[in-house]
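User: I would like to go through this structure with you, starting with the conventions and then the charged and aromatic contacts. Could you take the definitions as they come up?

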Amino acid sequence: MKKRWGILFTATSLSMIIAGCTPGGPTGGSGEAEGDQTVIRVSWWGSDERHNMTTEAIALFEEKNPDIRVEPEYTGFDSYWERLTTQAAGSNLPDVIQMDTSKLEQYISSDLVLDLNSLIEDGSINLEDVDDVYQEMNIKDGGTFAISSGANAFSTLYNEALFEKYDLQLEPGYTYDDLYEAMDTVSQGEGDGAWGFDFVKAEYEAFTHYARQFDQHFYNEDGTLGFENETLVNFLEMEKNMIDNGVSTPHDVTVEINDSGESMIANREAAMAVGASNGVIGIQPMSEDPIGVNVLPVAEGATSPGDWIRPSMSWSISANSDKHEAAAKFVDFMTNDIEGNEILMAERGVPISSKVREHLLDQVDESVAKTFEFLEVVGERAGESEPLPPPGEAEVRASFNRMLEAVKYGDMTPEEGVETFRSEAEQILG
């Protein structure tokens with residue numbers, strides 16, 4: 001696995017070094033103790049809002065821990081990973097790293113992040129108020145390599161005004177046939193000009209959920225594909241049937257809307273869409289109508305609802321850091337400190353500490369409160385988490401999306417698309 005990092009470094013490190021530092025502090029800090037203080041570097045990606053909230057929370061952390069000073073490093077999502085690649089090549093990763101689930105396996109297999117079990121066991125990172133379902137995806141072979149900084153779940157988001165207009169009721173446990181009938185009612189309606197359902201270019205995640213309902217996974221624990229061809233064929237046929245019959249948005253419309261940054265359910269151009277549950281927070285300000293959150297449908301013959309709770313993002317500690325105690329204090333603070341989370345206000349997802357969730361529920365705005373309530377519903381239905389995506393996941397996802405487009409446009413049958421995709425994916429995964 002380390003050879004994979006070597007190849008990655010060769011391809012990116014020189015350009016990053018020439019480009020110099022990105023916003024949010026230096027690509028490397030001294031990290032040295034200053035007087036009686038221990039200096040730790042903490043990195044994250046995100047918007048200006050996240051940066052402002054996080055730096056305010058850091059100021060409180062430093063006030064409560066005067067022996068620790070935090071050097072922040074922050075940037076946008078894409079350049080964030082390029083920067084970490086450069087830092088990893090120079091054995092100069094930050095002490096605390098905001099981690100994405102899709103990247104975690106690569107960092108684990110390259111021995112770049114610390115197993116946090118000992119810090120959890122000695123209480124440095126307190127998880128007493130954290131249910132297992134909020135942390136399972138960060139565990140590999142018994143080791144804990146990240147602490148979720150906020151949770152979400154895959155969901156459907158819907159325009160409540162359109163649902164009320166057409167008197168639609170889709171209670172948890174509804175089927176794909178129920179979904180088709182409800183969305184067909186909207187698409188056939190007069191005056192709105194709306195489609196029913198919008199897949200929002202999120203079929204990769206939607207299929208993962210669909211496969212779980214048949215005790216299959218996109219990836220097995222060993223990083224191989226974990227689903228049967230027939231399962232993906234059935235999913236593609238279901239989606240293509242919705243598109244061909246005008247129940248779901250055509251592919252070119254979906255691409256256009258996504259590229260514009262708009263939302264079809266916010267614009268009353270669709271009644272329902274797939275997405276992460278915390279997507280309601282970003283969509284609600286775009287809409288004059290209230291936006292609701294619901295579970296996904298259940299397929300015919302399913303053996304489980306398919307739901308699971310996943311980290312929206314997490315905190316890892318660099319394996320090369322020599323400041324594990326101070327880094328653990330920071331992660332514990334972000335996880336459990338009530339005052340700190342009053343500043344952060346669940347911006348990174350639903351807090352994993354039940355005490356923090358209970359405290360914030362009456363303080364967050366309505367759209368955030370909906371995500372809290374939704375995860376309570378999912379928590380009662382959730383199965384085991386998905387295996388961590390293997391290195392090469394990004395290339396597999398790209399292959400999946402190419403196949404999906406070809407099937408939607410009729411250039412391939414679902415059967416041909418699945419065979420082509422599996423061949424490409426297996427070659428990528430080795």
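Analyst: Helices (H or I, at least four residues) and strands (E, at least two) are DSSP runs, numbered from the N terminus. This is a predicted model, in which local features need pLDDT of at least 70, side-chain atom pairs count only at pLDDT 80 or more, and totals for chains, interfaces and linings use all residues. Residues are numbered from 1 along each chain as its sequence is written, and side-chain values use heavy atoms, with hydrogens and water left out.

User: Where is Asp115, then?

Analyst: Asp115 sits in the loop between helix H4 (101–109) and helix H5 (117–121).

User: Is Asp115 buried, partly exposed or exposed, and why?

Analyst: Asp115 is partly exposed because its relative accessible area is 32%. The classes are buried under 20% relative accessible area, exposed over 50%, and partly exposed in between (1.4 Å probe, protein chains only). The areas come from the Shrake-Rupley method with a 1.4 Å probe, and for residues only the protein chains shown count as cover.

User: Which residues form the negative surface patch?

Analyst: The negative patch consists of Asp36, Asp67, Asp115, Glu121, Asp122 and Glu325. Patches are made of residues with over 30% relative accessible area and no salt bridge; like charges are joined within 9 Å, and nonpolar side chains (Val, Leu, Ile, Met, Phe, Trp, Tyr) within 5 Å. Lys and Arg count as positive and Asp and Glu as negative, while His and the chain ends are not counted. The place of a charge is taken as NZ of Lys, CZ of Arg, CG of Asp or CD of Glu.

User: Now the salt bridges. How many salt bridges are there?

Analyst: The count comes to 20 salt bridges, a salt bridge being a side-chain nitrogen of Lys or Arg within 4 Å of a carboxyl oxygen of Asp or Glu.

User: What does Lys355 pair with?

Analyst: Lys355 forms a salt bridge with Asp129, and the closest N and O atoms are 4.0 Å apart. Lys355 lies in helix H14 (residues 354–360) and Asp129 in the loop between H5 and strand E4 (139–140), so the pair ties together parts that are 226 residues apart in sequence. Lys355 counts as exposed at 52% relative accessibility, whereas Asp129 is partly exposed at 22%.

User: And which residue does Arg397 bridge to?

Analyst: Arg397 forms a salt bridge with Glu205, with the closest N and O atoms 2.8 Å apart. The pair links distant parts of the chain, Arg397 being in helix H16 (residues 393–408) and Glu205 in helix H8 (residues 203–212), 192 residues apart. Arg397 is partly exposed with a relative accessible area of 26%, and Glu205 is buried with 18%.

User: What about Asp244 and Lys240?

Analyst: Their side chains meet in a salt bridge at 3.0 Å, N to O. Asp244 and Lys240 are separated by about one helical turn because they are four residues apart in helix H9 (residues 229–244). Salt bridges that share partners also join Lys64, Asp337 and Glu339 into one network.

User: Turning to the aromatics, how many pairs does the structure hold?

Analyst: The structure holds 27 aromatic pairs. Rings of Phe, Tyr and Trp (its six-membered ring) pair if their centres lie within 6.5 Å; planes under 30 degrees apart count as stacked, over 60 as edge-to-face and the rest as tilted.

User: How are the rings of Trp315 and Phe330 arranged?

Analyst: The ring centres of Trp315 and Phe330 are 5.7 Å apart and the planes are at 85 degrees, so the pair is edge-to-face. Trp315 in strand E10 (residues 309–317) and Phe330 in helix H12 (residues 324–336) are 15 residues apart. Trp315 is buried, with a relative accessible area of 1%, and Phe330 is buried at 0%.

User: Which rings link into a cluster?

Analyst: Ring pairs join Tyr176, Tyr204, Phe207, Tyr210, Phe214, Phe218, Tyr219, Phe227, Phe235, Phe400 and Phe421 into a cluster. Of these, Tyr176 is in helix H7 (residues 176–187) and is buried at 12% relative accessibility. Tyr176 and Glu300 are 124 residues apart in sequence and 7.6 Å apart in space, C-alpha to C-alpha.

User: One last topic, backbone angles. What is phi of Asp111?

Analyst: Asp111 has a positive phi of about 55 degrees although it is not a glycine. Asp111 is in the loop between H4 and H5 and is partly exposed at 45% relative accessibility. Asp167 has a phi near 55 degrees, a positive value in a residue other than glycine. Asp167 is in the loop between H6 and H7 and is exposed, with a relative accessible area of 62%.
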